[in-house]
Amino acid sequence: MNYDKIDRLVESMKDELIADMKRWIAVPSVQGPAAENAPFGVENRRMLDMALADARKYGFETRDFDGYAGDISFGKGEQTMGMLCHLDVVPAGDGWTHDPWGAQIENGRIYGRGTMDDKGPALCALYAMRAVRDAGVPLKDGVRLILGCDEETGMSDMRYYASKTPMPDYGFSPDAEFPVINIEKGGLGLLLSKYTGSEGEAELPVWSLYAGERPNVVPGIAKAELGVRDFAAFEREVARVAAERNFKLTVRDLGSGRAELTAEGVSAHASMPHLGVNAAGMLLIALKELGAGGASREPIAALADKLGLEYDGASLGIRQSDELSGPLTCNLGILRYDGANLTARLDIRYPLCADEKDMCGSVAMALSEHKMAVTRVGGHTPLHVPAEHKIVRGLLQVYHEVTGLDAYAFAIGGGTYSRMMPNTVAFGLNFPGDTDTCHMPDEYLDIEKMMLSVRIFAHAIAALASGEIA
């Protein structure tokens, strides 16, 4: 097969790809209120329209599935090879030094929300399809790129898509890391809640708590509004806790005997909480050590003890690990208190060895003495495609041949579209040893590695859809 021609075509498209990236990143496709033909908001609708229009401009057939998803395809054959990407993104969040929607280029990198997750990979897949088609590679299978609009908030888009058309027979989702991810941990969403009642005549009442927007993101900022009788004394106590704990805490006098306490951590993806510092957990610990709260004091202290800055679920009694899929992770993603109702949303990623019912029971037992309710609000079982499967073997072979790097299959805590299609694994876009900026401030994509990824995807399409790898 003439892979040299494919590579030359890929390199010739570099400037065009960068220009498309800038336009795509400029659309803030965060989930919004549903509208006509826009189930996930008008910005997601605008992004899907742009992507499908670009594909038609490049000569591909497209379909729009009522704003839930779209697809781009060429060729027909015995089977269909699929690539699953998403156009929706998480909110920009705090801590950016670049415009999250600006697609600024600096030091060989493109910065912006969605560059890595998942607009950049979607464009890489689209351009790989162009290179394979334009190189005239004879294929025995059809090729289809599916673009969803609800990956970050439940994957209802893929369920809708699958109800309207058959899914491809095999493929990959470029929404994680190279070389090949053949295991994705299970997911479990839990809501911890307690009605506290009035704060009463507390010395340091807590009127509100707010942290996080999505459970699958480590919150970088957390805020509490408290009642204070002596702001200067309160400020000194906060400074003491900050120094003792090495926390980044700031206070602001709101007047009328109220103050705002802010904890600043580091945002990260919930599947890799060790890369962040949970501001919600930091705030709970600080409030406990300040002795804050009236009716809320005991449950706040309980959450500080059982969650705090832990990310392995140890104090909840659910810490576990296995050799194939690694350790369980637990992220406190959302924290709310309105003066009477306290809630905490957990995002748990668990290994193949774990049992969901056992985990729910352990968490309930750990919080039972605090009379805190535990509600399951979502979840999914682990994904495991055996290492000997064609898709795993083929992608590993292609990755090694194109990069010269070691090729191996491994597990992640993140959940990708791979679970939505049979015989599918996650493949790229982050390379081994590189910082994964997915869901983080200043998310970026290295331009040279972007072009290398297009080559890898193009070789994968050519090798697998042609039947060269069986």
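Student: Which residue is the bridge partner of Leu-209 in strand 19?

Tutor: The partner of Leu-209 is Tyr-337. Before we go on, this is a predicted model, in which local features need pLDDT of at least 70, side-chain atom pairs count only at pLDDT 80 or more, and totals for chains, interfaces and linings use all residues. Residues are numbered from 1 along each chain as its sequence is written, and side-chain values use heavy atoms, with hydrogens and water left out.

Student: What makes strand 11 and strand 19 a pair?

Tutor: Two strands pair if DSSP finds at least two bridges between them, and strands themselves are DSSP runs of E, at least two residues long, numbered from the N terminus, while helices are runs of H or I of at least four. Strand 11 and strand 19 are joined by three bridges, so they pair, and they run antiparallel.

Student: How many bridges join strand 19 to strand 20?

Tutor: Eight, again in the antiparallel sense. Ile-334 stands opposite Arg-345 there. In the hairpin of these two strands, with three residues between them, Gly-339 takes a positive phi near 100°.

Student: Why are strand 14 and strand 21 said to stand at the edges?

Tutor: The open sheet has eight strands in the order 14-15-13-11-19-20-10-21, with antiparallel pairing. Strand 14 (249–255) and strand 21 (373–380) each have a single partner strand, so one side of each lacks a neighbour in the sheet. For strand 21, seven bridges join it to strand 10, and Gly-189 stands opposite Gly-378 there.

Student: Why is strand 19 called mostly covered?

Tutor: Buried means under 20% relative accessible area, exposed over 50%, and partly exposed in between (1.4 Å probe, protein chains only). Eight of the nine residues in strand 19 are buried.

Student: How do you know that Cys-85 is buried?

Tutor: Its relative accessibility is 0%, so Cys-85 counts as buried. Cys-149, at 1%, counts as buried too.

Student: What about the sulfur of Cys-149?

Tutor: For Cys-149, the closest cysteine sulfur is in Cys-85, at 12 Å, which is too far for a bond. A search of the whole structure finds zero disulfides.

Notes: Disulfide = S-S within 2.5 Å.
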